[in-house]
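Visitor: Could you take me through this model and set each label against the cut-off behind it?
Guide: Gladly; here are the sequence and the structure.

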Amino acid sequence: MSLIEAMTMAAGLVYLVLLAWQARSGWPWRLALGLLFLLWLVATDSLLWLALGLVVVPLALWHRYRPQPALGELGSQPLRSWARHLLLLCWGLVAVQYGLHVWQLGQGTSPWLVRPDVVDGFLPIAGGLGLRAWLGQGLVDPHHPAATITVLVLSLSALLLGRAFCAWFCPLGVVGEWLHGLRNRLLPGEWTPPRWLDWLLRAQKFLVLGFLLFIILLAVPAAALPGYLASPYHQAADMKMGAFFFNLSLVSGLCLGWVLLLTATFRQGFCRYLCPYGAWLALLGLLTPLRIRRDPVRCLRSSGHDCDKCSRACPSRIQVHQLIAVRSLECTSCLSCVAACPRRADALHLGTPRRRLSPRRLLGLLCLLLLVLPLLSYGLLDLWVSQTPLADRHALLQRLPWLNHRAIGQGECAPG
């Protein structure tokens, strides 16, 4: 695990501590926090303690000289913005570290920066196949274990919280908003495609998801799965993914151009039309009882006001003011509609029919999910750090242009 990954986990732990302290949360939160602390004590090493110190000390000094508001005083949108931009910063540093690691590897020198294993989160096929092998055959993928854990964590988060990860944590959504904002400055106007075109464009991410599920569930037979996980093609999956975008061919250039075009043209273009992870979380999110819910009695519309501020604020263009419970595949629980409502949580809230979930607790649940399993897998199960030797990675990097999908099922051994 790299220092940046460890500091990200430490930041999540600090937020949970502040949540329990400032918000005076009930016993379930204190119990969860106590168990998390116990896991931290048992599973952590010196790197994680160093990361915790690097987070706590600057934060304490900052608060001393420039006091920050309590969590309860922060609205949902400032809180969400802080979380997303912090994750984007971490991902940016991870990308730089990974790029330098691969560059040094290509130069034939031993990299002085470790490989950040969290980059495997961008390998849904590797993660899906690793999870299938783990659950079906008890096999652990030694080369991209972080991909397996990422797919598992995101799937669990969707079952419990719907697509909240997309709105609160995903850094690609922030980048998409920046690109859309830049386009809006150069060519002002909010462009909305006709309904039929919007439907066709939205179908893209489900087609990509269907293709990925076909590869994960059907293309690799169970008998060939161990051989695939040992193949050079699988071991080099992260470097192949990087080469697809950074060594552009005609096909990859057209794909990247299409992604940038949709992302910049339409609000939430990438999330709405292209992201297969978003499609997977949306389908699993149909099972969660947590919804944006509108109380028609307390809504201004019940008193004759033609209010639709919630719908106009929704980045997914959902007609919230016409619904009792939002069950759209495009809802990400961003709470923009709740923040825009003149009556706030009186008329709109996120939760079940009987209980409401505050924004700070929603973020706390996401932190718990994204902390516990990676921490458990890293500290106790040793299922986070890739076990591929550097010498093998160097040999794979030299062979990268010639590695292809024919390795699937052939059971090739790792080089060296």
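Labels and their cut-offs

Guide: Aspartate 308 has a relative accessible area of 24% and is therefore partly exposed, since buried means under 20% relative accessible area, exposed over 50%, and partly exposed in between, with a 1.4 Å probe and protein chains only. This is a predicted model, in which local features need pLDDT of at least 70 and side-chain atom pairs count only at pLDDT 80 or more, while totals for chains, interfaces and linings use all residues. Residues are numbered from 1 along each chain as its sequence is written, and side-chain values use heavy atoms, with hydrogens and water left out.

Visitor: What makes aspartate 308 and arginine 312 a salt bridge?
Guide: The term asks for a side-chain nitrogen of Lys or Arg within 4 Å of a carboxyl oxygen of Asp or Glu, and the closest N and O atoms of aspartate 308 and arginine 312 are 2.9 Å apart, so the pair qualifies. Arginine 312, with a relative accessible area of 57%, is exposed.

Visitor: Why is arginine 298 called partly exposed, and with which residue does its side chain meet in a salt bridge?
Guide: Its relative accessibility is 41%, so arginine 298 counts as partly exposed, and its side chain meets that of aspartate 295 at 3.7 Å, N to O. Aspartate 295, at 25%, is partly exposed as well.

Visitor: Why is glutamate 330 called buried?
Guide: Its relative accessibility is 4%, and therefore glutamate 330 counts as buried; arginine 163, at 3%, also counts as buried. The side chains of these two residues meet in a salt bridge at 3.6 Å, N to O. Glutamate 330 lies in the loop between helix 16 (309–313) and helix 17 (336–340), and arginine 163 in the loop between helix 6 (145–161) and helix 7 (164–168), so the pair ties together parts that are 167 residues apart in sequence; helices here are DSSP runs (H or I, at least four residues), numbered from the N terminus.

Visitor: Which residues are linked with them in a network of salt bridges?
Guide: Besides Arg163 and Glu330, the network contains Asp198, Arg202, Lys205, Arg272 and Arg317, and a search of the whole structure finds 14 salt bridges.

Visitor: What makes a set of residues a nonpolar core?
Guide: Its members are buried Ala, Val, Leu, Ile, Met, Phe, Trp, Tyr and Cys residues joined through side-chain atoms within 4.5 Å. The largest such core has 74 residues, and Val320 is among those that touch the most other members.

Key. Helix = DSSP H or I, 4+ residues; strand = E, 2+ residues; numbered from the N terminus.
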